[in-house]
Each structure stands twice: as structure tokens, then as C-alpha cells.
Number of protein chains: 2
Amino acid sequence: MTAVVPPAQDVLFHVLLALVVVVAAARACGALVARLHQPPVMGEVLAGILLGPSLLGQVAPAVMHYIQPPAIAPILSSLAQLGVMLFMFLVGLELDTVRLGRRTRAMIVISQVSIVVPFALGMGLAVFLHPRLSTADVPFTVFALFLGVSLSVTAFPVLARILTDRGLQGSDLGLIALSCAAVGDVTAWCLLALVTAVASAALASAWITFAITAAYLAVMFVVVRPLVARAVRAQELRGTVSQGAIALALGGMLLSALATEAAGIHAIFGAFLAGALIPHDSRLAQTLTRALADVVVVLFLPVFFASTGMRTEIGLVSGASEWLICGLIILTASAGKFGGAFAAARVMGFAGRDAAALGVLMNTRGLMELIVLNVGLERGILTPTLFAMLVLMAVATTFATTPLLDWLMRRGGAPAAEPVRS
Amino acid sequence: MTAVVPPAQDVLFHVLLALVVVVAAARACGALVARLHQPPVMGEVLAGILLGPSLLGQVAPAVMHYIQPPAIAPILSSLAQLGVMLFMFLVGLELDTVRLGRRTRAMIVISQVSIVVPFALGMGLAVFLHPRLSTADVPFTVFALFLGVSLSVTAFPVLARILTDRGLQGSDLGLIALSCAAVGDVTAWCLLALVTAVASAALASAWITFAITAAYLAVMFVVVRPLVARAVRAQELRGTVSQGAIALALGGMLLSALATEAAGIHAIFGAFLAGALIPHDSRLAQTLTRALADVVVVLFLPVFFASTGMRTEIGLVSGASEWLICGLIILTASAGKFGGAFAAARVMGFAGRDAAALGVLMNTRGLMELIVLNVGLERGILTPTLFAMLVLMAVATTFATTPLLDWLMRRGGAPAAEPVRS
């Protein structure tokens with residue numbers, strides 16, 4: 001195997017080769033981490049990093065270039081972005097807006113505190129990191145806001161997966177953790193949208209970004225939302241979901257993603273909002289989820305992780321001082337997320353062990369964090385070195401969740417969070 | 001709107017824009033042709049041609065370049081090829097190999113005659129066309145074989161759609177037409193595989209192509225087929241289809257496509273064969289079909305048609321003599337397919353009207369023909385001018401099916417093909 005740039009007619013061959021390797025590596029690593037009682041998503045992240053410059057690029061650079069030659073990088077990157085869009089659309093589809101509306105005081109307090117504390121710590125950390133790991137191109141405000149968001153993300157789907165694997169999704173602890181993560185997610189996405197808008201505005205024209213975003217949100221909530229609700233009600237009466245309805249939903253998602261991308265925030269917000277506008281328990285949402293979930297998880301997400309892994313160069317983090325900074329980031333992120341959630345849960349009347357379990361769960365970052373970090377890298381807010389450090393932070397905090405939870409659970413029998421409703 | 005090549009960061013914007021326009025145009029044209037009682041696929045073909053250099057490129061070239069800038073052409077082309085692969089995988093999944101095994105003598109005779117006659121006519125036509133519309137690079141044998149295949153394809157899915165729309169899929173005429181088309185399809189694909197192998201061999205090393213293809217087929221039928229059958233039986237007993245099974249099936253499809261692509265025949269054969277090896281009525285096949293069918297039809301196939309349309313320059317067919325050649329191709333293709341099926345059906349004891357209906361149905365070319373033609377264009381066997389003529393032939397013969405069938409049906413009441421079983 002030699003590192004050659006393929007001629008145009010070999011593009012399909014190399015795209016297929018990359019897909020086969022990426023899907024196989026993701027499944028293999030998923031099976032491997034399952035033995036460590038880690039969720040499959042960790043295996044996929046790991047596979048991506050192993051296939052990239054951090055391992056394969058060191059051991060056998062020729063093989064890495066053969067598998068992912070520069071000529072097909074834009075194609076894989078587009079597939080990855082479409083995959084994440086479809087995934088965010090699915091997350092939006094599964095979002096139970098009605099249930100979010102019934103949220104309790106405890107949920108709001110815990111979720112907001114567990115965002116505000118790491119966000120504030122991230123902003124503080126930025127004072128230290130900006131002169132060391134950023135460039136003059138990135139204004140401090142943008143950098144600090146982005147670091148704040150990076151530290152305050154919770155991976156709702158990974159959390160859901162961990163809880164389901166342990167049969168905790170129906171328990172009080174599980175329900176409160178899930179609700180906090182969902183509310184926290186929405187808050188974090190709003191913050192990220194704000195930060196990218198500020199970042200784009202700092203780089204381009206502020207007014208256009210804000211005007212298009214405001215117009216987009218107005219159209220989505222005032223015009224599209226009632227139309228979707230009416231169409232879905234009519235659809236429910238007819239029984240079967242027509243192909244036309246699916247085409248409309250997917251076309252609408254693409255259009256919504258295009259609008260947010262054009263506005264200067266990111267396509268994933270449009271895809272997410274399009275999903276959230278479709279009632280979560282409608283037959284249309286269920287049909288779309290059944291149609292997309294497996295293909296997205298099996299085929300598209302591994303491509304996303306692989307392209308994230310390709311961009312992650314752990315080798316860039318070099319020397320004791322940089323590894324110390326990396327450790328500091330992991331500590332700050334964990335302290336903020338765990339500390340915020342734990343303190344808020346204690347104040348709201350949770351027992352110590354359950355508050356600790358909640359804190360550990362909220363510290364899961366997984367896929368969502370990687371999406372945020374990729375946005376930061378694409379927009380030029382993060383340098384490749386800081387990107388690598390934050391990826392390590394995401395991997396470390398997510399890996400830590402399962403053993404810490406095991407340890408907490410062993411210490412005190414079955415989970416029984418006190419139901420604090422208000 | 002101006003025709004600018006987008007910088008790298010705008011790639012996602014342009015990919016999304018192209019997808020939105022392509023999906024919307026496909027649905028709009030689909031709705032339009034539905035009023036003419038044409039199957040939706042004709043609308044999608046039409047949308048592709050309208051968005052390409054044949055119409056939009058003439059009327060507003062700047063808009064066409066804005067919607068499909070050269071920078072995203074490889075990305076759209078990869079999406080289109082992945083889409084066709086997934087589609088061929090679905091066609092393979094739906095192929096009822098057991099039923100094919102129970103085929104009657106009438107079916108075999110009609111399907112083979114309706115391949116042999118247009119194939120022979122195509123070879124004959126090649127004697128006339130090779131000096132006029134080919135280049136010295138393409139050996140006459142390859143050119144003639146390819147033209148033969150082009151004229152003998154029947155579009156199984158379009159045929160199925162037309163029959164379903166008219167409620168004929170359960171009638172004797174419908175069943176025989178479907179079976180003939182399915183058998184004919186398999187024959188035509190084998191021929192195409194042979195021709196591309198000959199073409200690749202003519203250009204590269206013959207032995208490697210044949211050796212890899214033979215090894216691939218041996219592995220698929222001797223090793224993979226029993227393994228798949230056993231795994232699917234085990235899966236059936238467990239009840240639900242796991243994500244691991246879906247990952248294996250999709251990964252297997254990618255690997256099979258990669259093998260045929262590497263062998264020098266085309267990725268679509270590997271995808272098709274992977275689908276055909278999974279038992280048609282298993283729960284796995286049904287789950288995969290449910291998961292893929294809508295997304296492929298709504299999202300991926302319109303991209304394929306659009307990229308076919310982008311390559312079709314009807315303007316290349318210029319002057320009376322070239323239009324006469326185009327007409328000659330349409331006549332030869334129709335005479336061969338209709339004539340072959342009609343004569344064989346009469347010999348096998350069908351009434352005149354039913355034999356004619358069968359002939360008209362078998363003359364449907366649609367999507368399958370476009371797949372074949374794209375292979376020819378990619379491999380350099382067809383010049384862009386001949387490609388445009390053959391696309392026109394495919395469109396014309398498919399468009400003609402519905403009105404001709406209407407006319408035949410009006411002439412003689414309800415369809416009642418004599419069941420000739422042997």
C-alpha cells in the first residue's frame with residue numbers, strides 16, 4: 001500500500017474503502033469498549049481517533065493516506081456533516097416538548113446551575129488560555145464564550161444510552177437526569193447558536209446574521225409550527241404516513257438547515273429545530289425515526305467520528321506544560337459540571353449519593369461535545385491544539401461516567417432518588 | 001446570483017442548497033407528471049434534465065452554476081452513487097429468488113427472447129453508429145456489446161410501479177410481466193457486468209478483472225451465502241432485528257460493492273448481489289427495506305437523477321441527421337423489446353392484446369437504463385452525444401408506456417392474460 005492521490009475515476013473506490021474501514025472499526029471498537037461497560041459511542045469516538053493522525057498516522061502514515069486520501073476528504077466531511085444533521089434532526093424528533101413544558105422546579109434549578117457553573121468556570125479558564133492557546137484573529141469575547149459552552153455541554157443521547165443499559169431510565173434518578181440533560185441541552189444549543197452568531201458577526205456583518213436568525217425563528221415559530229401541527233393532525237387521521245409527508249419533512253429539514261447555515265449560525269440548529277417542531281409522539285415522527293435511526297447510527301455517525309478523529313492530533317499536545325493545561329481543562333470541566341449539579345441537587349433536597357450520581361451523569365459529554373468542538377474548529381475559534389485538548393476532555397469525562405457510577409451504586413444499594421416535585 | 005466557485009467553508013451551504021433544489025424539483029415534477037398518469041420516476045428524470053445544461057444551463061447558466069458549482073460536483077456525484085448502490089441493494093432485497101426458481105417456461109422464453117432480440121438489434125445498430133458517434137479509443141466489440149445491453153434493459157421497479165398504480169400487480173398479465181422483467185433484469189445485469197469486465201479488460205489487464213470477479217462470486221456463493229442464510233434463520237428465531245445485524249448487512253453491502261468496484265466491474269453489482277443474498281421475506285430484509293426505501297427514494301435518487309441530468313446535454317444532439325439517428329435508436333430499441341416480447345408471448349399462447357400489453361410493459365426503461373448509461377459514460381464507452389441520445393431513448397420509451405397501455409386496455413375491456421404455465 002502506497003500513499004497516492006487517486007485519479008478522479010477511483011474516487012468511488014476510495015470512498016467505499018473509507019466507509020468500510022470506518023464502519024468496521026467503529027463496530028469493532030464498540031464491541032471492545034462494551035466489555036469495559038462503556039456505551040458504544042465511546043468505541044466509535046475511539047475508532048475515529050485511532051484511524052487518524054494520533055495513532056494510524058504515527059504508525060503507518062501510508063496506510064492512513066490510502067484509507068483517507070486528501071482527495072476524498074471533502075466528500076467524507078460532507079457525509080459526516082449530513083450525518084450529524086440527520087442525527088440532530090432525530091434528537092429534535094425525540095425531544096418531548098410537552099414533557100419539557102411540565103418540568104419541575106428541581107429540574108430547572110439543577111439543569112441551569114449545572115450549565116451556569118461550568119460556563120462561568122470556562123470563561124474564567126479562558127483568561128488563562130487565550131494568551132497561551134489562541135491566535136490574535138480570535139477576539140477574547142468569542143473565545144471565552146465558546147470555551148464556556150464547551151465545558152457546559154451534556155450528551156443527552158449518551159446519557160440516555162447509559163441509563164437504558166442499566167435499566168435506570170424509569171427510575172426517579174434516571175428521569176430527573178434525563179430531564180435535566182434535555183433542558184440543559186436546549187440551553188447549551190441556544191448558547192452555542194448565540195456564540196457562533198457572535199463569532200460570525202465578529203468576522204462578518206453583525207446585523208445580517210442577527211436579522212436572518214430572527215427572521216428564521218419568527219418564520220419557524222409563527223408560520224411553520226402551526227402548519228406542521230395541522231398537517232401532522234391531518235396525517236394522524238389518515239393512518240399511514242405517505243411518502244409525500246416524509247419528503248416534506250426531509251425537505252423541510254434541509255431547508256431549515258440551509259437557512260441557519262446561510263444565517264451564519266450552523267446547519268445543525270436548523271435540522272434540530274425542524275425535528276423539534278414535529279410532535280414527538282406522532283406517527284410521522286415515529287416513521288422518520290424508524291427510517292433514519294439505524295442508518296444514521298450505523299453508517300453516518302462513524303463517518304463523523306472518523307472525520308473528527310482525522311482532525312484530532314493528540315501529538316499536538318506536547319510537553320509537560322501542555323499536558324498540565326489539558327489536565328486543568330478536564331478538572332475544570334468536571335468540577336463545574338459535577339459540582340454545579342451536585343450542589344444544586346443537594347439544595348433541592350436530594351440525598352448525597354443521588355446528588356453525586358446526578359453530578360456524574362451530567363458530566364457525560366460524548367457526541368454532543370464533539371459536534372460543538374467541530375463547529376469551533378470549522379469557524380476558526382479553536383486552534384488544532386486546543387481542539388485536541390478538548391477532545392481528550394470529552395473522551396475522559398465520558399469514559400469516567402460508567403466506572404464512577406458503578407462505584408457510587410456499589411456503595412449504597414439500589415438507586416432511590418427522593419422525588420422532589422414542586 | 002452570480003456564478004462563483006465557492007470557498008471551502010461554503011461547501012456545506014452549496015451542498016444543502018443543491019439538495020433542497022433537487023428534492024423540491026423532483027417532487028414538483030413528480031406531481032406534474034402524475035397528472036399525465038406517468039409514474040413519479042419520470043418526474044424525477046425530468047427534474048434532473050431541466051436542472052442541467054439542457055434547460056437551466058441554456059436559460060440561466062449563472063443560476064445553474066450557483067446551484068451546482070463545480071466544487072461540489074464530486075460530492076453530489078458520490079452521494080448519487082451511494083444512493084444508486086443503496087437502491088440496487090433494495091432491488092436485491094426485494095428479489096424473490098425462490099419465486100424466480102419456480103419460473104415457468106413461458107416466463108423464461110418471453111424474458112430471454114425480449115433480451116436477445118433488442119440485444120441483437122443493438123449490436124447491428126452499432127455497425128452503423130460506431131464510425132459516426134464513437135471515438136477510436138473504444139474498441140468495436142465493447143461498443144457493440146454495450147449498445148446491445150443499453151437497448152435490452154427493462155426497468156423492473158418502474159414496471160412494478162406502473163402495475164401497482166393500475167391494480168394489475170396481482171393479475172396474470174401483471175405477474176408474468178413482473179417475472180419476465182425480474183428474470184430479464186438479472187440477465188441484463190449479468191450482461192452489463194460482462195461488458196464492463198470486457199471494457200475494463202480491454203483497457204487494463206484482462207486476467208486480473210476476471211480472476212477477481214470469479215474469486216468474488218465464488219466467495220459470495222460458496223462462503224457468504226450459507227453464512228447469511230444461517231445468520232438470518234438465527235435472527236428470525238430471536239424476533240427483533242438488532243442494530244448489529246443491520247450494521248453487518250450494510251457493512252457487507254459496502255464490502256461487496258468495494259469488491260466489485262475493485263474488480264473493475266461496478267460497485268452497484270456488489271450492492272445488488274449483497275441484497276439478493278439476504279432472503280427476501282426475512283425480518284432482516286423487511287427491516288432494511290423499511291429503513292432505507294423512503295430515504296433512498298426521497299433524498300438519494302433525486303440526486304442521482306439530477307447528476308444524470310447535469311451530464312445530459314440535449315443540445316449536443318444537433319442537426320437533422322443526429323436527430324434522425326436518435327429517432328432510429330428509439331425505433332430500434334422499441335422494435336426489439338416490444339417485438340421480441342410480443343412475438344414470444346404469441347408463440348407461448350397469449351392473446352394478441354395481452355401479448356401487445358406485455359410488449360409495451362417490457363419496453364419501459366426508466367431508472368435502470370439511466371444506471372447503465374451512466375456506467376457507460378463513466379467508463380468512457382459512450383460519448384456525451386450518444387449518452388444524450390440514449391437518455392432521450394430511455395425517457396421516450398418510458399413515457400410511451402402509460403398512454404399505449406391505456407389505449408390497449410380501452411380497446412378490449414379488463415385484462416385477462418391466459419395463464420400459460422408449464
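Tutor: Helix H5 of chain B covers residues 73–94, 22 residues in total. From its first C-alpha to its last it reaches 31 Å, close to the 32 Å expected at 1.5 Å a residue; the expected span is 1.5 Å times one less than the number of residues. Helices here are DSSP runs of H or I of at least four residues, and strands are E runs of at least two, numbered from the N terminus. H5(B) is mostly covered, with 19 of its 22 residues buried. A residue is buried if 20 or more other C-beta atoms lie within 10 Å of its own, exposed if 12 or fewer, and partly exposed in between, with C-beta atoms placed from the backbone.

This is a predicted model, in which local features need pLDDT of at least 70 and side-chain atom pairs count only at pLDDT 80 or more, while totals for chains, interfaces and linings use all residues. Residues are numbered from 1 along each chain as its sequence is written, and chains are lettered from A and ligands numbered from 1 in the order in which they are written.

The contact between the chains takes 35 residues from chain A and 35 residues from chain B; two residues are in contact if their C-beta atoms, placed from the backbone, lie within 7 Å. On the side of chain A that touches chain B, the elements giving two or more residues are helices H1 (11–34), H5 (73–94), H12 (243–263) and H14 (283–311) of chain A. That side has 27 nonpolar, four polar and four charged residues. Nonpolar means Ala, Val, Leu, Ile, Met, Phe, Trp, Tyr, Cys and Pro; charged means Asp, Glu, Lys and Arg; the others, Gly among them, are polar.

Chain A has 18 helices and zero strands. Buried residues make up 56% of its 422 residues. Chain A averages a pLDDT of 82, and 91% of the residues score at least 70; pLDDT is the predictor's confidence in each residue, from 0 to 100.
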